[in-house]
Every structure is written in structure tokens, then in C-alpha cells.
Amino acid sequence: MRTEEIRDHLQSLDSSLRLRIVLESLLVENPEDLARAVRALKSSPRLKIDFLSSVTAADYLDFLETVYHFYSVELRIGPVVLRARTRRDDPKIPSLCGLFRSAELQEREAYDMFGIRFEGHPDLRRLFMWDNFEGWPLRKDYVQEDSDVLESQDLAWLEKNSIHVSQELKTRALDLQARGLRADAQRPAAEGPANSGAP
Amino acid sequence: MIFGAGILKGMLVTLRSFVNSYFKKPDQGGLFTVEYPEKRLVAKERFRNFPFLVYDEKPEDPRCVACDICAKECPPKCITIVRDADAEGRPLKKPALFDIDLSVCMNCGICEEACPFDAIFMDHEFEIAGTERHQSLLYHKEDLLKSNGYFRQIRPSDAALIDARRKEAEDKKKAALKPAAPPEKKE
Amino acid sequence: MKNKTDTPLTEDFDTQTLQINVGPQHPATHGVFRMDLTLDGETVVRLKPVMGYLHRNHEQIAENMTYAASMPYTDRLDYFNSMSNNFGYALAVEKLAGIEVPERADYIRVILAELTRIVNHISVIGFLLNDLGAFFTPLTYAFREREKILDLFEEIAGSRMMCNYFRFGGVKRDLPPGLLERIRTMMDVFPRFLDEFEALLTDNDILCLRCQNVGVLGRELALNAGLSGPMLRASGLGYDIRKVDRYSIYGRFDFKVPVGSKGDVYDRYYVRVLEMRESLKILDQALRQIPSSGDIISRKAAPFLKAPRNFKPPVGEAYGRVESPKGELGFYVVSDGSPQPWRYHVRAPSLINLTVLEDLCIGHKLADAMVILGSIDIVLGEVDH
């Protein structure tokens, strides 16, 4: 089925759905409608969508977007692609866990990497990164931390656990704190890693 | 089926395998492994490990022209190149510094593919263990340069192709130069 | 399985559940994978998988380099079958850039992908038996055969596991002379080995006792949880992307999709054995049909081999999926017209197949949980991408 047909078909099932065609996919204009759209896909006798293959997100600088690839195993139809957009400063998307359990780990992954809160997810925690990790690594403005440099709060933790830290690292951490900086990976070229081979 | 019959059947397989390991050839169920390092398997021609640089006549004149393409295309960015310059500071077509950090290199072979001058190839050498982390795995130009003869030895059929292609290109260049040989020869 | 005779004991005594931690460094977890388990006696009552120990943000790495440069990184996703990973990524980017693949290259791809499937399934069965406590005999037999195929890979691509052999629009180099005959020789011996392997395992009473009715996965749950590959087929759904999408040239081959009946560990084992036999059938047909000469990379894509930085697919997105030995391996690539992908996402079958780990393990003994994990067939390089 062509994307236009799928749109018309979905709107005939649920007339309040607002859908727009983006590339070869359907953008659910109001993210709140996402679960309703998916329910319509699931219940549609012509599509019989029963397999949620991939859930992912992308950062488009103005907004965050989630992308869903659906298939019908029974009718061998697919992919039917849905997408939903959300604000970058307070990203919220309804979770599809109740409809498709395959969203469970993938939504956690998208939360981990983009910080999109999937509302209604039973166990929304970071998946790959550790729990008190800061930042959302796959957003385009993410700055990687420099793992060779300590920060003052690291020092406090190390001292609490009585782990020895060299004086040089301590001075650098305090210096960063005094200048109000974080230990980011972007640093002056002269401070390149010891083994980079620069003359 | 009686309980245990399946196990007995399996035992027969292991017994047969045990006996075969003594009397059969490696590819028919015999002893398959060799005892490294006393015995070694023959390296496959396309086997790739870490890159090396090729020179034709003497190591001072490598094929590399320091164009930096491999360094740019290298996925983990393990190549550092600095172009050589003559006494007056004009850039020369050879590297002053060519370093590969083998602790970063992931043996993908993209440098070899991208090189337009047939200057960098993947080596068969794999016993490069060092005693510390950084310096012994950071290979400089001197460690990386190997002769074309060595390349012919490890990869005979590839080397034959490349040599033929280079010779053809050189002949063409010579032929094109002859009719209008300019009085001032280019360096 | 809940043993009825246990119940009175636990009623009489005031028992507590015990929370234990299996992994991340544990011989039965197939890598740095952690299971946060709650046990009642020996019975699993709760299981939470914890992962990320091998996380390297594969997606971000790929978004910061050219399209071609992430090909060697895909090898490292599921390091048991790098050829399939290459295949999926190449398909996605070819879809994005509209590149056709020449026929000979397509045949080479299919042959290598099927060899990879055999490599994967044979080692998975070996590891599964390791988890069952049959230490090393089946595994070494399996690895002996795997070694023969890896030798072929080394001859073709230069590396045994990190093949990095596929390119957009074809493959990196043509096959070395005489290689197809060597694959043929390998294939003639392989069924004999498979028979022997089955004689060792399939009817083995201990294997049957330990695997049958353990970790039963129903059809509805399997589908709803997005499982794919042998896991889904063992639960009775004959869904194979090679049949459904007919990507590459799979439409030309005649092969069956083996399905299980119960969806237990034994079915998953047996489906894999049958799949290897089907792979041999595909290989046999491919070897007979492959054109003896021809382009191995499309004319449109060949210039980019030397200059990957000039490869700029048009603005758009593509989702390419292949039937990797673990399941549905999908690559979602978004291009903004620059040499680097704007968004690159991997739909990792190993990760999504773990969704049901808790459902499968609850009610079973701790030792069975290891077997169930083994039968799901995960590779941590892919789970943690």
C-alpha cells in the first residue's frame, strides 16, 4: 500500500487523527495521538500490523523526532513508518509499551541517548549509560567529557573512598572549578594525548 | 527408546572422533590444530594486519607523497603525517613524519584502498607485542618502511598487478614527455 | 518448572527471597552481561538484565565519519557474523543512494551471508551445550568446522572475523581464484559433520531433559515483543526476511523456513540445525548459478572506493533490514546530503530478543536461566552497540 492510501485508511478508521506525509512516512502531528494511531494500525483489517520492528529517535536541532517501523507478519506488509515530533527542551512522547512489548528496551535506549521521556513506560531508566550519567549522548549539542581530567566532585568521591590522586590531577580539577568549566573533551591542541605522535 | 540410548550413540561419536584424530588427515577429522609458535600455518595472501609503507629503491624515497588522504580516511584516526620541506621551506612530496599508532589501528585496510599512490599496504606481521603501552606500539616512518621486494614476497599476485600498472603509467608518462621535453627538468 | 513437592516445605518455613548478581564477568553470560536475579530457593522470581558494559556509542561514532568508514565498525557489532552486518548496512545505504548491485556481487554476498549463518549457528549450539554443562566437546567439534569457514573468509577478505568486505554497490574485491571450488569441497563434507553432530546431540537424553519444556515462548508474546530470527521461528511463526522481503537475490533460491512447534530451548536448538541444512541448499544453488565473471561493484559506486569522502547520498532516509543469523538486523540511515550520515541507527536483534528474557526465566531454576540465555543467542557487541 502506498503511504497516501495508508493515511486515508487510518483517517477513515479514526477521523480525529491528524497525519502528514513526510518522505515515505506518516507524521503524527500531535504526539498525544500516537498510541491511537498505532491502535488503529493494529486493529485495521487491511493492514493487521502486528510487529514493531524498530523504535528510534533523531535530533533535528529544532525538535526531537521518534521513528517507528511497523510490519505485518501475517499479511507480509511493511514497513509502515510513523514519526512523532516533540519539543527539545521538554521532550515527551507516549510510550508504546502497552501495545508492543518490543518498545520496552528500544524506548529505554532512545531515552538514554536523547532524553525523550516516554510516558507510560513501566521502567524508564538508562539502558547503556550508568544511572547518574549526565547529558544525552546522541543529541547534536552533546560535548563529550574528557575522561583523563577529573572534576572537583570526582575528587570528593575519590577522597571519600580513600583513593590516591596525584597532585597534578588535583590542581587541574581545582583550576577547572575556579574557572567555572567542565572537563570537556574539546581542549587546546597543545594538550593532545601523550601518544598522538605530534612533534 | 530406552533411556540412555541417545547418550551411548553420542559416546560412539566421541570415540570415533578420538580414534580419527590419530589416524586421519586434518581435513577429514584428524588433528586440526598446530602448535604455535613451533609450527605455523601459511599466511593467506590477502591476510591483513597492520599497514606498512613501501619504497621502491631506497627508504629515503618512499612512494608516499604525504597527501594525507589515508590519515583523513582512517576511521579511528591512527595516522599522523607531516609533510617534508626543503631548506627554503617549500613543501616536498614526501613525509617528514609518518606515524601509525598500532594500539588504535583496527586493521580495516581502508588506508590501502584509499591510497592513490600504491604507497601503503597491509602487512602480514602480527607478532608486535611490546612491553609497555604507548611507545613500542607507536610506529614511526623508519619502522613502517619496507621494500617493494618484501611486498612482492608476501603478496605476489597483488604486487605483480600493481607493479605492472605502475610501469604502464610510467611508460605513458615518459612517452608523453618525449615530444616536448622542456629544457628545464622538473625536480 | 515448579516442583509440586517443594510447596509444603516453603509453607512450613519462613523463607526469604535472595537477590543475587550474575555477571558482568561470568562464564555463562556470553560476555559482559549482568543479570540482577531474585531467587526463591533456586527458582527465579525476578530477573532484570543490566547491560552497557561494552557500550561505545557505535551510532555516534558512525555519525561522525563518512558512510564508508563505518563499514569496519559494523563488523564489531556482532563479531560472530561480520558479513551479515556488512550486508545490512550496505543494503540500507544502497537504498538511500539508489545504487544497484551487479549480479556476481549479489551472488558473492549471498554465499558469504549463508556461510556466516552456518558459522553462527554452529558456534551458538556449541556454546549452548557449554551452558548446559557439556563442556567443550560439542564446542570444539563446532569450532573445528567453523575454523574451516573462517579460513575461507580470511582468504576472501583478509580477516577471519572482522571481514569488512562489503562495499556500497558490491564487494571490495573479487574472489580469489579457485575459491568457489573450495567452498564446494567444504560443503560436501559439512552435511556429514552435521549428521555426526546431530547423532551426538539431538537424541541425547540429557539434552532432551534439560531443554524440552524449558523457556517456552508463546507465539503471541514472541511476535508482540518483536523477536525475530530463530527465536521467532522456534515459536512456530515462519517469518523469514529472506522470504518476505526477498532482498538481494534471495527470491531466486528455493529453500524452506524451518519452524518449531513448542518454542522451548530444544526447538530453538533444532531450528538452528535445520537452518544450517537450508543454508547449505542455498549455497548449493548459488554456487551453481553464480556467473563466472562480471563486475563486482556497480559502476556508479566504484569511484567512491578511492574517495569515500565524495560519497554524498541524496537527502532522505532508508531502513534496510536483513535476516542476520540472530534475527532481524536493521539499519536506519538519515542523510542530510553531506558525506556523514545525520542519523544512523542499528536495530540490533540481540538486544530486542532480550526483551523476553525475564518472561522465559521466571519459574525456572537458576541453572535453566543460563541455558535460556544461551538459547536466545546474544552477542554483547551487538547488544551494547
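Student: How many cavities of 30 Å³ or more does the structure hold?

Tutor: This is a predicted model: local features need pLDDT of at least 70, side-chain atom pairs count only at pLDDT 80 or more, totals for chains, interfaces and linings use all residues, and side-chain values use heavy atoms, leaving out hydrogens and water. Residues are numbered from 1 along each chain as its sequence is written, while chains are lettered from A and ligands numbered from 1 in the order in which they are written. A cavity is a set of points, on a 1 Å grid over the protein atoms alone, where a 1.4 Å probe fits but cannot get out. The structure's count at 30 Å³ or more is seven.

Student: What is the volume of the largest cavity?

Tutor: Grid points are joined across faces, edges and corners, and a volume is the space filled by probe spheres set on the points. For the largest cavity that gives about 170 Å³.

Student: Which element gives the most to the lining of the largest cavity?

Tutor: Lining residues have an atom within 4 Å of a point, and there are 13 here, with C:Ala68, C:Arg167, C:Phe168, C:Phe304 and C:Leu305 nearest the centre. Two elements give two or more residues each: helix H3 (110–114) of chain B and helix H13 (303–306) of chain C. Helices (H or I, at least four residues) and strands (E, at least two) are DSSP runs, numbered from the N terminus. With three residues, the top contributor is H3(B).

Student: What radius of gyration does chain B have?

Tutor: Chain B has six helices and six strands, and its C-alpha atoms fill a box of roughly 95 × 45 × 30 Å along the principal axes. The radius is taken over C-alpha atoms, and the globule rule is 2.2 Å times the number of residues to the power 0.38. A compact globule of 187 residues would come near 16 Å, but chain B has 25 Å.

Student: Which residue is the bridge partner of B:Pro51 in S4(B)?

Tutor: Chain B has an open sheet of three strands, ordered S4-S1-S6, with mixed pairing. Strands S4 (120–122) and S6 (145–147) of chain B have a single partner each, so one side of each lacks a neighbour in the sheet. Two strands pair if DSSP finds at least two bridges between them; S1 (51–55) of chain B and S4(B) have three, in the antiparallel sense. In S4(B), B:Pro51 is partnered by B:Met122.

Student: Which helix packs on the sheet of chain C?

Tutor: That open sheet has the order S1-S2-S3, paired antiparallel. Seven bridges join S2 (34–40) of chain C to S3(C), and C:Leu37 stands opposite C:Leu47 in S3(C). The packing helix, residues 366–376, touches S1, S2 and S3 of chain C, where contact means heavy atoms within 4.5 Å. The helix is H16 of chain C.

Methods: Axes are lines fitted to C-alpha atoms, for helices over the stretch in contact, and angles run from 0 to 180 degrees between N-to-C directions. On a 1 Å grid over the protein atoms alone, a cavity is a set of points where a 1.4 Å probe fits but cannot get out, and a pocket is an open set with protein on both sides within 12 Å along at least five of seven lines; lining residues have an atom within 4 Å of a point.
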